[in-house]
Amino acid sequence: SNHQLARDFLAAIAGGQLPDELVTPDMSFWSVNSGTSDKARFHGGVKLLASIFGGSLRYDIDALTAEEDRVTAEVQSHGTLPDGQAFHNSHVFLFRIRDGRISAVAEYMNQFVVRDTIVPLMQAASATATGR
């Protein structure tokens with residue numbers, strides 16, 4: 001069901017994965033912080049985010065609504081930052097489903113939490129990975 005597809009997607013990205021069986025080859029992602037990404041760029045970001053949290057990131061679903069080709073998930077993220085601090089943010093994910101797989105995702109979240117906490121960590125991890 002589309003409910004389960006959204007649950008599986010959130011569990012996968014928390015672990016740094018983006019399994020092909022969950023998403024279409026042309027899947028697109030949009031967020032309030034980063035704009036539009038294709039599947040490859042989004043997967044790179046997912047892997048980077050998972051590495052920052054060292055396996056501690058999880059998405060807890062507060063509400064899940066599915067109708068026709070759309071799913072909306074109200075979600076709380078939790079994890080432990082590299083310095084040991086607890087992390088939390090609130091999200092709304094909007095999914096579009098095509099042929100039993102996710103074709104598009106839009107993510108809204110508290111952008112100030114991301115800007116102040118996650119972006120500097122992702123920039124540092126990206127710089128380290130590329131040797132800058």
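Residues are numbered from 1 along each chain as its sequence is written, and side-chain values use heavy atoms, with hydrogens and water left out. Because the model is predicted, local features need pLDDT of at least 70 and side-chain atom pairs count only at pLDDT 80 or more, whereas totals for chains, interfaces and linings use all residues.

Helices (H or I, at least four residues) and strands (E, at least two) are DSSP runs, numbered from the N terminus, and two strands are taken to pair if DSSP finds at least two bridges between them. On this basis, an open sheet of 6 strands is found in the order E2-E1-E6-E5-E4-E3, with mixed pairing. Strand E2 (35-38) and strand E3 (58-67) stand at the edges with a single partner strand each, so one side of each is left without a neighbour in the sheet. From one strand to the next, the twist averages 20 degrees, where axes are lines fitted to C-alpha atoms, for helices over the stretch in contact, and angles run from 0 to 180 degrees between N-to-C directions.

Strand E1 (residues 23-31) pairs with strand E6 (residues 101-109) in the parallel sense over 5 bridges; phenylalanine 29 stands opposite valine 105 in E6, and serine 31 opposite glutamate 107 in E6. Helix H1 (residues 2-14) packs on the sheet, touching E1, E3, strand E4 (70-80), strand E5 (86-98) and E6, and its direction makes about 155 degrees with that of E3; contact here means heavy atoms within 4.5 Å. Helix H2 (residues 39-53) also packs on the sheet, where it touches E1, E2, E3, E4 and E5, and its direction makes about 100 degrees with that of E2. E1 and E2 pair in the antiparallel sense over 4 bridges, are joined by a hairpin through 3 residues, and include tryptophan 30 with its bridge partner threonine 36 in E2.

A search of the whole structure finds 7 aromatic pairs, counted when ring centres of Phe, Tyr and Trp (its six-membered ring) lie within 6.5 Å, with planes under 30 degrees apart termed stacked, over 60 edge-to-face and the rest tilted. Among them, phenylalanine 9 and phenylalanine 95 form an edge-to-face pair, 5.3 Å centre to centre with 80 degrees between the planes. Phenylalanine 9 lies in helix H1 and phenylalanine 95 in strand E5, so the pair ties together parts that are 86 residues apart in sequence. Ring pairs link Phe9, Phe29, Phe42, Tyr59, Phe93 and Phe95 into a cluster.
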